[in-house]
Amino acid sequence: MDPYSAEGELVNISNHFFQGQWQEVVDFDTSAFSAENALPARVLVLRARLALGQAKDVLAEVKGAQEPDLQAIGALAEFQLGKDSTKTIEGLPSDNLTVQIVGGILLQAAGKSEEALALLTQHQGSLEAVAIIVQIHLQQNRIDLALKEVTAARKWAQDSLLVNLAESWVGLRQGGDKYQQSFYVFEELAQAPSTSSVWSLVSQAVCELHLGRLEEAQAALDQIKDPNAEAIVNKLVLTVVAGNDASELTEELKKVDPKHQFLVDLAEKDALFDKAAAKYAPKVS
């Protein structure tokens, strides 16, 4: 039996993970899991801790590990701490599912999209690998390839949580009536206490923004109480769309995540604007 299926041993802890409920994953009681599922469960817990910003502690815990799964986790922790650990991933067995998934995430973050896809496409029926492939294609603006992955996965995974999520990500890029369809998926997750998380609330807010429902988007984001970079970014976008000053939120984002991609992109665009404006500056002789 597939341990991630509806009847599988890992279904609950993995659903918490895919729903962005990182602390629930960390707190999950894994003591009763079978021996064959103990390592996959530990990997999920370690990845949740990485998502919570505990890279140093995770790296210390897996240091010296012999299992490729844990070595991959260590490489991701190192990457999050600013070290180029792509060589470590490239030296691990590519037929290992954790190496495929974690390696794909790391390589994509390092700007090596083709290498990430080459690793991920070796999977044997992994919905998480499919979901990451979809995300990479969307980042490449290849909506056609992302849709192809989702359509193929739907045939064998049917109503899986990950397929529904991946289909919703694609829908947000397709636009039109797909915005509303994506909204229903994220709203259901965001508003149910058992499935709600910062991630699902942000996703709901993004849908609301696309649908032009600014007040509803604000209401979803206001439910997020802890400092979170993605929530701040979307509050910032919402503020700008509403025609208000977002400088305070920009400064808040710099404190929470000074290297956030939004800030990197903003700095690049500011520099390009200044360069273009300089061409038209009045010349005084």
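Trainee: Where is His260 found?
Mentor: His260 sits in the loop between helix 16 (247-256) and helix 17 (261-279). Helices here are DSSP runs of H or I with at least four residues, and strands are E runs of at least two, numbered from the N terminus. Keep in mind that this is a predicted model, where local features need pLDDT of at least 70 and side-chain atom pairs count only at pLDDT 80 or more, while totals for chains, interfaces and linings use all residues. Residues are numbered from 1 along each chain as its sequence is written, and side-chain values use heavy atoms, with hydrogens and water left out.

Trainee: Is His260 buried or exposed?
Mentor: Buried, because its relative accessible area is 10%. The cut-offs are under 20% for buried, over 50% for exposed and partly exposed in between, with a 1.4 Å probe and protein chains only.

Trainee: And what is His260 in contact with?
Mentor: Leaving aside neighbours within four places in sequence, Ala229, Glu230, Val233 and Leu253. Contact means heavy atoms within 4.5 Å.

Trainee: Switching topic: at what angle do helix 14 and helix 15 pack?
Mentor: Helix 14 (residues 214-222) and helix 15 (residues 229-241) pack at about 155°, axes 10 Å apart. So helix 14 is roughly antiparallel to helix 15. Angles run from 0 to 180 degrees between N-to-C directions, with axes as lines fitted to C-alpha atoms, for helices over the stretch in contact; under 35 degrees is roughly parallel, over 145 roughly antiparallel, 65 to 115 roughly perpendicular, and the rest oblique.

Trainee: Which residues make the contact?
Mentor: Leu214, Ala217, Gln218 and Leu221 from helix 14, and Ala231, Asn234, Lys235, Leu238 and Val241 from helix 15.

Trainee: Now helix 4. Which residues are buried there?
Mentor: In helix 4 (residues 55-62), Ala55, Val58 and Val62 are buried. They cover an arc of only 65° around the axis, going by the directions from the helix axis to the C-beta atoms, so they lie on the same side of helix 4.

Trainee: What covers them, and what's on the face turned away?
Mentor: The cover includes helix 3 (35-51) and helix 5 (68-80). The face turned away carries the exposed Lys56 and Ala60.

Trainee: Anything just after helix 4, like what phi Gly64 takes?
Mentor: Gly64 has a positive phi of about 85°.

Trainee: Last one: what does Arg42 touch?
Mentor: Arg42, in helix 3, touches Glu61 and Leu70, not counting residues up to four places away in sequence. Arg42 is partly exposed, at 31% relative accessible area.
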